[in-house]
Amino acid sequence: MIPLLGLDPAGLDRFFAELGEKPFRARQVSRWLHQRFADAPGRMTDLAKATRERLAAAASIEAPAVIRDTTAGDGTRKWLFDVGAGNAVESVYIPEDDRGTLCISSQAGCALDCAFCSTGRQGFNRNLTAAEIVGQLWHANRALLADGICAPWVEQGRAPITNVVMMGMGEPLANYDNVVPALRLFLDDNAYGLSRRRVTLSTSGLVPMIDRLAADAPVALAVSLHAPDDDLRDRLVPINRRHPLKELLAACLRYLPRAPRDFVTFEYVMLDDVNDRPEDARKLVAIAREVPCKLNLIPFNPFPGTAFRTSPRERIRAFQQTLMDAGVTTTIRKTRGDDIDAACGQLAGQVQDRIKRRLAARIAPAPAR
């Protein structure tokens, strides 16, 4: 069965050509899938009965199964999805007055092993398929509508999710062949119809893939920087040993002419007594003068077993002030969903640890009598 949720516009065209259907059917079905969130061909009432039957026989409409659905006191909502073989991934919905943002995962686990990352501690399990990536957005929209979400844009007939950030579990550019078709669906007018400014991809710095993204699907770019020099970044973000800062910043400059914004967002997790010193802020000012950027300072969200601590709030504010005094646009990310472990990878890690413990118990030798 062909997973329809993962077929980008070109893929849908090919699929319907193989079914012997006219090209306009692909656009028609795409609107049913991604704008009306149909979960079965039988619901696509303006298709001929024979077309619906061929579609039902050849294809499936299925998002990953939900293991847990939790809403925090501030409205942040997290879905934990089952992607098979004991693996789980997370999506987080963040409501704001003027938008609804969904943070999407691209891999089960991650191979990049950033020192402060909960997902990296789980190791890499597998890439998500395009259908599993898109299925997170499809499910979130359906669930929010079913729950009667109230937002001005929903009342005007738009979907609840207005912004997508690929900042969840995994490194999106390490799953390029599945991420790009998903991005194309997010942007396509017959699918989700999001503007390129409203879709952001976050990368730890896979330089060759940044160049490919500029040609294939140039959405807004965020870079997980987290250190102002190579010595510290080598320790915090190991991919820096392969693609050091000079190469990464050059790739950002090459990306900007194709980007929907005239700046790159640099994400910078604030780690107590690690990367939050005044000299670190001054080094970031030098980087900002080289690459047009916005700095997003992220208070570290501790998880079990980590040796890192969150920078004190007053130090984060002082760090921000140093950057802003130098003319660098700098924000501090608002902490959301504290009561549901909203930091990416925390909930999935807990579930996977329980699964591993159950499996270990099953294979443990019986006690001697």
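Modeller: Gladly! Let me begin with accessibility: buried means under 20% relative accessible area, exposed means over 50%, and partly exposed is in between (1.4 Å probe, protein chains only). A salt bridge here is a side-chain nitrogen of Lys or Arg within 4 Å of a carboxyl oxygen of Asp or Glu. This is a predicted model, where local features need pLDDT of at least 70 and side-chain atom pairs count only at pLDDT 80 or more, while totals for chains, interfaces and linings use all residues. Residues are numbered from 1 along each chain as its sequence is written, and side-chain values use heavy atoms, with hydrogens and water left out.

Searching the whole structure gives 20 salt bridges. In one of them, R126 pairs with E132, and their closest N and O atoms are 2.7 Å apart. R126 is partly exposed at 25% relative accessibility, whereas E132 is buried at 15%. Elsewhere, salt bridges with shared partners link D272, D273, D276, R309 and R315 into one network.

Another bridge joins R43 to D39, at 2.6 Å from N to O. Here R43 is exposed, with 52% relative accessibility, and D39 is partly exposed at 29%.

Then there is R77, whose side chain meets that of D147 at 2.7 Å, N to O. R77 sits in strand β4 (residues 77–82) and D147 in the loop between α5 (130–146) and α6 (152–155), so this pair ties together parts 70 residues apart in sequence. Helices (H or I, at least four residues) and strands (E, at least two) are DSSP runs, numbered from the N terminus. R77 is buried at 10% relative accessible area, while D147 is exposed at 53%.
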